[in-house]
Amino acid sequence: MVITKTLNSEHRKIFVTTIMAHSLFILFSCVASLAAAHGDHHDYHDHDHHEHSNSLDAPSDCGGAGLPNDVDPLAVMFKEAPLTPEQRRLASHTSPQPIRIKMQFDLVDDVNDLYTCTKVDQTVNPCQGRWSTNSCSNKICSELDVVTDAKRGIAKKRMTWAANYVSNTFKVIRPRTTKINSKSYSLSSGYDNYIMNDVIDEADVDLVIRGTVRKHENNYVAGFAGCMASGADSRCILGYFNFCPRIFDVKTTNSPDVMEKERRTAVHEILHVLGAVKLSSFLNGGYLAESETTWQVKTNPKLGKKVVHVRTPNVLKVWREQTGCTKDNDNGPTLEDIPMGVGSHWEARQTGKYLKRRRSTKCS
Ligand SMILES: [Zn+2]
């Protein structure tokens, strides 16, 4: 896959400022590594958690840009009509095409889903909803956890927006050839509760993502996502993406800062579906042994601890182009080591909250 410039400069300016630095760098690193494809993710630890610190504590009725509550300002502002999957395919069968991503909402819409809170005091087992062969103590749904029609609508809107954004940002060299419903890959039974015996509508898409809005046992988790199965060329073809219902405040949903945060989280999670930033996703997938040209653990004397440097050739190239770091003062970008999402994000110390704000300590 390659990054594309299908968005005009104004779009890009707006969108780029909405994405957190590590997401941005994920994008760039994907570019670096996507000639290779992403590996299979059949491991519980591929679940990634994205922390949120939203404005639930300080709810506001301030809407966005004076528009009615049910109007998405960006939908009004941008007139560029997206191509349908068929139109994209007709454009060319041989040149890279936007990755066709379909969010599937069967489980979001299923009011009987066992792992979705639909009423106060309902009991759910979040761990089993996330990984069917696991379980933790049951949790009681509170009002914040309950997925109302309004929350369901917001979740779907944000997921759809993010899927379109990613689709307009990345191209695939080849369309998907592996059939999703054929079971030609081995899907771990741990993912059963993302499928729930549904037949997956795989027509005309490269990647299907099963959406859910299930409660997480940790109230500070905003969402998590990963890849369930990869196709013949190791690119993800079936993923999952859960938005935790607590993140949504229906009163402030059209406030620009709320939209920005939720969209950023949604793009972030879809990038995890595509393989960012997992060591196993670099260089044609599979487990990568530590080496000079894969990754290395080194002690950072300034920090007084060990850090993981990613050193695949394309990552080093892009990193050094972007930062000006050289092999004389830098060992390659490092992975995040805070507990939530450990090892699956770029280190914020280096990339900053937003990529533009590079820190003086960028070189490792
Ligand atoms: Zn994440």
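1. Helix α9 is mostly covered, since 14 of its 18 residues are buried. From its first C-alpha to its last, α9 reaches 26 Å, which is close to the 26 Å expected at 1.5 Å a residue. The helix is followed by Gly275, whose phi is positive, near 120 degrees. Please keep in mind while reading that this is a predicted model.

2. For orientation, the protein chain contains 11 helices and 12 strands, and buried residues make up 41% of its 364 residues.

3. Which residues have the most contacts inside the largest nonpolar core? They are Ile209 and Ile270, in a core that has 59 residues. In soluble globular proteins, nonpolar side chains tend to be buried together. Leaving aside residues up to four places away in sequence, Ile209 touches Ile270 itself, and its other contacts include Ile101, Met103, Ala163 and Val273. Gly239, Tyr240 and Phe241 are also among the residues that Ile209 touches.

4. Strand β10, residues 236-243, deserves a careful look, because 8 of its 8 residues are buried and the strand is therefore largely enclosed by the rest of the structure. It is paired with strand β8 (residues 207-212) through 5 bridges, and these two strands run parallel; within this pairing, the bridge partner of Val208 is Leu238 in β10. Strand β9, residues 221-230, is joined to β10 by 7 bridges, and here the strands run antiparallel, with Phe224 standing opposite Asn242 of β10.

5. Strands β9 and β10 form a hairpin with 5 residues between the strands, and in this hairpin Ser234 takes a positive phi near 70 degrees. A student may find this worth checking, since most residues other than glycine have a negative phi, and most peptide bonds are trans.

6. The loop between α8 (192-195) and β8 includes Met196, and its phi is near 50 degrees, a positive value in a residue other than glycine. Is Met196 buried or partly exposed? Met196 has 15 other C-beta atoms within 10 Å, so it counts as partly exposed. Asp204 also lies in the loop between α8 and β8, and although it is not a glycine, Asp204 has a positive phi of about 60 degrees. With 14 other C-beta atoms within 10 Å, Asp204 is partly exposed.

7. Asp198 likewise has its place in the loop between α8 and β8. Because it has 12 C-beta neighbours inside 10 Å, Asp198 counts as exposed; the cut-off behind this step is that a residue is exposed if 12 or fewer other C-beta atoms lie within 10 Å of its own. Asp198 and Leu107 are 91 residues apart in sequence, while the distance between them in space is 9.2 Å, C-alpha to C-alpha.

8. The last point concerns a peptide bond: where is Val277 placed, and which residue does a cis peptide bond join to it? Val277 is in the loop between α9 (256-273) and β11 (295-300), and the cis bond joins Ala276 and Val277, with omega about -20 degrees.

How values were computed: Residues are numbered from 1 along each chain as its sequence is written. This is a predicted model: local features need pLDDT of at least 70, side-chain atom pairs count only at pLDDT 80 or more; totals for chains, interfaces and linings use all residues. A nonpolar core is a set of buried Ala, Val, Leu, Ile, Met, Phe, Trp, Tyr and Cys residues joined through C-beta atoms within 7 Å. A residue is buried if 20 or more other C-beta atoms lie within 10 Å of its own, exposed if 12 or fewer, and partly exposed in between; C-beta atoms are placed from the backbone. Two residues are in contact if their C-beta atoms, placed from the backbone, lie within 7 Å. Helices (H or I, at least four residues) and strands (E, at least two) are DSSP runs, numbered from the N terminus. Two strands pair if DSSP finds at least two bridges between them. The expected span of a helix is 1.5 Å times one less than its number of residues.
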